[in-house]
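Please open the structure in your viewer and keep the selection panel at hand. The tour begins with a sheet and its neighbouring helices, then turns to one residue elsewhere.

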Amino acid sequence: MADMKKHPTVLRYYESAAQSPTLDNETLDYDWIRELCLEAGADDVGVISIERSELDDQREDILSVFPHAKTMISFVSRMNREPIRTPARSLANIEFHHTGDKVADTSHNIVSALEARGVRALNAAMGFPMEMDKFPGKAWVVSLKPVAVAAGLGKMGIHRNVIHPKFGNFILLGAIILDAKVNKEDRPIDYNPCLECKLCVAACPVGAIGADGQFNFSSCATHNYREFMGGFSDFVETIVDSKNTKEFRNEVPATESASWWQSLSFGANYKAAYCLSVCPAGDDVIGPFLQNRKEFMNDILKPLQTKEETIYVIPGSDAEAHVQKRFPHKTVKRVGNGLIPNSISLLVTLMPHVFQPNQATDVNCTYHFTFTGNETRQTTFDIRDKKLQVTDGLHGKPDIQITVDSKTWLKIVAKEKNVGVALLTGKLRFKGNPKLLIKFEKCFA
């Protein structure tokens, strides 16, 4: 066999390695990394170690897909503001998708440049979902918002979006995982660009953002993300449940079918994202708001509030009550959100996200659940003062005790089986006032 050391590919590798920007065998230069990312198309960049405390709840997932991870690069791509602000959401979605394409191109360029220098890197923003069979709602390998905050690219506003100190919330996020250390890392900024002006509260058609800072995930996901995975699942079930074409058309008008076709053909469309539209925070953004607030409200906020449109809600949810009270000129359409857990573990994880505070106004109870069968678990749900606390194990004095077969309870949640049948077959037993079980169900959407 020929001497491999003399092979042209091997010679070129060692020549390239000698010109590498590493300070030693494992450490990259921060300034080189930053310059590389900006040249690749990023509008701002931050770098953090994988060991940072802000990644404690994600580190295991990150290492499961990239065991060599040592550093994360977070970057932002700036969006144009006016398309996001228009009541014509088709124009807003074009901007979302174009900037999303820019994030993908930038990520690809960064990873390619790193690999050319012998650094292993993984695009964390555009990876395949992890454990999709266990967690259908998990869309990314990494939750990008806390990474961006840790890397000094902004802070979370009360609307749960990252607000960049310069570009405001008119940004999309990307992230790269490296197998090398960097000789410097970024820290969070020392103030929150959020003005707490509450314009996002006023603009949200489903009341997902509370003036007190509370956030109703279910309300937002059901409407704004109607044409994403959860809404699509519900849409498919609507097709299956329709007896004939006429019934389907009554349930899904031609305009809605056209919207689905457009979304599936060109990319899922957001139904609102009004919280992004009206946010005035950020050095490059705040001028018009400070110069003439009345004009700002008339030009940006009111067109979104007065727009006649269909709002998608879960029956009996806080969102339905909010639309009917605050925006009676908008059309309410009752739908499902497609969040159908296939395990008790996932169900317990999702429950805080679908909790409806205003439906729990008269509930002050401790529920002890004992799940039996193929998935055993004991969980305490404490609903008090319109707040939910979920704890593993049985704690405190229960107002009601429920023992139920895990598969049966999942079917009840999916509305494939009713409580009465479960009681008659012995799959569900309880000790306490049965009205509390009915109240429990109403607290979740």
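Select the open sheet of 4 strands, ordered E2-E3-E7-E4 with antiparallel pairing; strands (E, at least two residues) and helices (H or I, at least four) are DSSP runs numbered from the N terminus, and two strands pair if DSSP finds at least two bridges between them. Strand E2 (44-49) and strand E4 (121-123) form the edges, and because each has a single partner strand, one side of each lacks a neighbour in the sheet. From one strand to the next, the twist averages 25 degrees.

The model is predicted: local features need pLDDT of at least 70 and side-chain atom pairs pLDDT 80 or more, while totals for chains, interfaces and linings use all residues. Residues are numbered from 1 along each chain as its sequence is written, and side-chain values use heavy atoms, leaving out hydrogens and water.

Next, select strand E3 (residues 71-78) and strand E7 (residues 171-178), which pair in the antiparallel sense over 8 bridges. Within this pairing, Ser74 stands opposite Ala175 in E7.

Finally, centre on Leu350 in helix H16 (residues 344-354). Leu350 is buried, with a relative accessible area of 10%; buried means under 20% (1.4 Å probe, protein chains only). Select Ser218 too: Leu350 and Ser218 are 132 residues apart in sequence and 9.7 Å apart in space, C-alpha to C-alpha.

Key. Axes are lines fitted to C-alpha atoms, for helices over the stretch in contact, and angles run from 0 to 180 degrees between N-to-C directions. Buried means under 20% relative accessible area, exposed over 50%, partly exposed in between (1.4 Å probe, protein chains only).
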